Amino acid sequence: MTATNGRPVGGPDPARPTAPGAVRRDTVAAVVGQWQAVHPDLDTGPMEIIGRINRCAALLQQAEDAPLRRAGLSRPEFDLLGALRRTGHELTPSELTRETFSSGAAVTKRLKHLTERGLVERRGDTRDRRVAHVRLTDTGRDLVDAILPEQLAYETTVLSGLDNRGQGELASLLGELLVQLEGRPGVLRV
């Protein structure tokens with residue numbers, strides 16, 4: 001028999017250690033336990049997933065990306081440079097907005113900063129003066145090419161607590177969730 005949260009009734013809570021040296025309980029498990037004490041009738045399963053995704057994202061953002069920080073870049077700035085590098089051609093600010101999942105205002109601000117640093121160049125469209133095209137400068141391309149291997153090594157270190165199988169499973173599950181969320185924009189509204 002299982003409770004509404006999917007755990008066997010009367011069985012051990014896998015997030016709650018039972019002996020010294022057992023798996024450490026994360027902060028989300030503590031929050032879920034508190035909610036279960038207040039509302040034992042509610043299914044807290046979704047909170048265990050979404051809460052952990054949100055907590056991981058917050059901790060990763062707080063930690064900042066060390067290689068990017070050393071280069072004086074934020075993650076969103078590197079994402080813009082990366083989009084230009086991986087596509088291999090000029091992009092409009094609107095295309096960069098779509099590529100980086102950012103707002104137009106945020107992209108404009110970041111492009112201004114990257115232009116001032118000499119990492120990107122903007123040129124006007126010959127047919128429509130309202131349209132700009134953005135490309136990496138040689139300096140920008142060299143910076144992305146220098147940072148990417150170091151950034152990937154940093155991310156590998158962040159994930160080193162999971163074995164290859166665990167990383168593959170996590171990537172697959174997150175990919176499935178992302179496809180669902182991207183395919184159904186209304187799913188985020190209630």
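I worked on a predicted model, in which local features need pLDDT of at least 70 and side-chain atom pairs count only at pLDDT 80 or more, while totals for chains, interfaces and linings use all residues. Residues are numbered from 1 along each chain as its sequence is written, and side-chain values use heavy atoms, with hydrogens and water left out. I took helices (H or I, at least four residues) and strands (E, at least two) as DSSP runs, numbered from the N terminus.

**Entry 1: H5**

I looked up which residues of H5 are buried (under 20% relative accessible area; exposed is over 50%, partly exposed in between; 1.4 Å probe, protein chains only). They are Pro 93, Leu 96, Thr 97 and Thr 100. Seen down the axis of H5, these residues fall within an arc of 105° (taken from the directions from the helix axis to the C-beta atoms), so they line one face of the helix. I noted that they pack against H4, H6, S1 and S2, with contact meaning heavy atoms within 4.5 Å.

**Entry 2: H6**

I found that H6 covers residues 104-116, has 13 residues and reaches 18 Å from its first C-alpha to its last, close to the 18 Å expected at 1.5 Å a residue; the expected span is 1.5 Å times one less than the number of residues. The buried residues of H6 are Ala 106, Val 107, Arg 110, Leu 111 and Leu 114. They cover an arc of only 130° around the axis, which puts them on the same side of H6. On the other side, I recorded Ala 105, Lys 109, Lys 112 and Glu 116 as exposed. Gly 118, which follows H6, has a positive phi near 80°.

**Entry 3: H5 against H6**

I read a packing angle of about 110° between H5 and H6, with their axes 9 Å apart. Axes are lines fitted to C-alpha atoms, for helices over the stretch in contact, and angles run from 0 to 180 degrees between N-to-C directions. The two helices are therefore roughly perpendicular to each other, a term for angles of 65 to 115 degrees. Pro 93, Leu 96, Thr 97 and Thr 100 in H5 meet Gly 104, Val 107 and Leu 111 in H6.

**Entry 4: Glu 121**

I located Glu 121 in strand S1 and found Glu 121 partly exposed, at 36% relative accessible area. Glu 121 and Leu 136 are 15 residues apart in sequence and 6.3 Å apart in space, C-alpha to C-alpha.

Key: Angles under 35 degrees count as roughly parallel, over 145 as roughly antiparallel, 65 to 115 as roughly perpendicular and the rest as oblique.
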